[in-house]
Amino acid sequence: MYEEATKEPGAENRAPLSRPRKVLVGVLLLLVFTVFFVCGVVYGGGLYHAAEHGRAGRLAFILGFPGIDVNKHNAAGHTALHLAVWHGQAECVARLLACPGVDVNLADQDGKRPLCTAVAKGNEALVAMLLAAEGINPNVQDAEGKTPLYVATVAEDARLMRMLLAAGADAAAQNADGSTAWEWAAAHFHAGRCALLRAALPGMPVEEARKQLSEQGVAPAQYQEALCNAAYRGDAGLLELLLAAGADVNAGAVPPLTLAVMQGHTDCVKHLVTTPGIDVNARADRMGGDTPLQCALSLGNAEVAAILRTCPGIQEPR
């Protein structure tokens, strides 16, 4: 009696689920579980945690899920690529760059971009990887409106400057305030930076150099004498302007390089030996025909001698 009273009405007429229906319900439940699992693992922190902490294997596993948005920002406004670059996780960066549809120029919530971040941190490996990525813009601006080349120039990182220029970075590309890497370089050609900038940036336009010299009261007929005086005094800024304006780097009874070596102006020596057409073995008629290297050795200047010995074609004294 009790069993009959508690039996659900109509239960005796309800047919059990058929096998196909059971399979369908199981598949639906599996799909629902998968969706929640993917959302939890990927966008609940898994994707970003793996990128930030260098878990390349886990990152590859997550990226293997269909429909993953590799450009999605997390709650803090960062993408997985931003996090991997910021924390220097090269293997994770490589995996993310290989993802179809990845936006290598995308800014995060703070306006930071992967290339700008890598340059600011001086990470050559990551800069090289990003510059090789499809769609990269080497002139993209960071949160402060500065181009990667400008950042590398101010940091005096000649290696990064060369890499950026080789990838198509424009030395005349403007920052948000209208300034350029080249303008900064032209305004800071002084000891300690001259050689780096000379080696990495394209030459100053001749007319611009002559204009600046004219403003300083240096006429074209005075270029050669002024060049020798600049080398002798260690004035790397004036040296750069004169060379850009067309002064002969090898002219004079005592060439500018020898004069700089004599006075121990290391920065001017570095600058001169990177100048196209320089004769590093030029002999000074007024110094017994000594070469710059002979002069450095006779003066006991080991640092300058070491610099000269790195020059292609340098001749050792007999």
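This is a predicted model: local features need pLDDT of at least 70, side-chain atom pairs count only at pLDDT 80 or more; totals for chains, interfaces and linings use all residues.

Me: What share of the residues of the protein chain count as buried?
Reply: With a 1.4 Å probe and protein chains only, buried means under 20% relative accessible area, exposed over 50%, and partly exposed in between. Applied to the 318 residues of the protein chain, the buried share is 43%.

Me: At what angle do α7 and α9 pack, and how is their arrangement classed?
Reply: Two packed helices are described by the angle between their axes and the distance between the axes. The axes are lines fitted to C-alpha atoms, for helices over the stretch in contact, and angles run from 0 to 180 degrees between N-to-C directions. For α7 (residues 124-131) and α9 (residues 158-166), the axes lie 11 Å apart at an angle of about 5°. Angles under 35 degrees count as roughly parallel, over 145 as roughly antiparallel, 65 to 115 as roughly perpendicular and the rest as oblique, so α7 and α9 are roughly parallel.

Me: Which residues make that contact of α7 with α9, and how do they divide by class?
Reply: From α7 come Glu124, Val127, Ala128 and Leu131, and from α9 come Arg159, Leu160, Met163 and Leu164. Ala, Val, Leu, Ile, Met, Phe, Trp, Tyr, Cys and Pro count as nonpolar, Asp, Glu, Lys and Arg as charged, and the others, Gly among them, as polar. On that basis the contact of α7 with α9 has two charged, no polar and six nonpolar residues.

Me: How do the axes of α5 and α7 cross, and what classes of residue make the contact?
Reply: The axes of α5 (residues 90-97) and α7 cross at roughly 5° and come within 10 Å, which makes α5 roughly parallel to α7. Ala90, Val93, Ala94 and Leu97 of α5 meet Leu126, Met129 and Leu130 of α7. By class, the contact of α5 with α7 has no charged, no polar and seven nonpolar residues.

Me: Is Pro114 buried or exposed?
Reply: Pro114 has its place in helix α6 (residues 114-120). Apart from neighbours within four places in sequence, Pro114 is in contact with Leu81, His82, Val85, Val104, Leu106 and Leu130. Because its relative accessibility is 1%, Pro114 counts as buried.

Me: How many of the residues of α15 are buried, and which helices do they pack against?
Reply: Helix α15 (residues 256-263) is mostly covered, with six of its eight residues buried. These are Pro256, Leu257, Thr258, Leu259, Ala260 and Val261. The buried residues of α15 pack against α13 (223-233), α16 (266-273), α17 (292-298) and α18 (302-309).

Me: How many salt bridges does a search of the whole structure find?
Reply: A salt bridge is a side-chain nitrogen of Lys or Arg within 4 Å of a carboxyl oxygen of Asp or Glu. Among those found are Glu144 with Lys146 at 3.2 Å, N to O, and Asp235 with Arg233, whose closest N and O atoms are 3.8 Å apart. The search of the whole structure gives a total of four.

Me: What separates the closest N and O atoms of Glu316 and Arg309?
Reply: Glu316 is partly exposed at 44% relative accessible area, and Arg309 is partly exposed at 41%. The two residues form a salt bridge, with the closest N and O atoms separated by 2.8 Å.

Note on methods:
Residues are numbered from 1 along each chain as its sequence is written. Side-chain values use heavy atoms; hydrogens and water are left out. Helices (H or I, at least four residues) and strands (E, at least two) are DSSP runs, numbered from the N terminus. Contact means heavy atoms within 4.5 Å.
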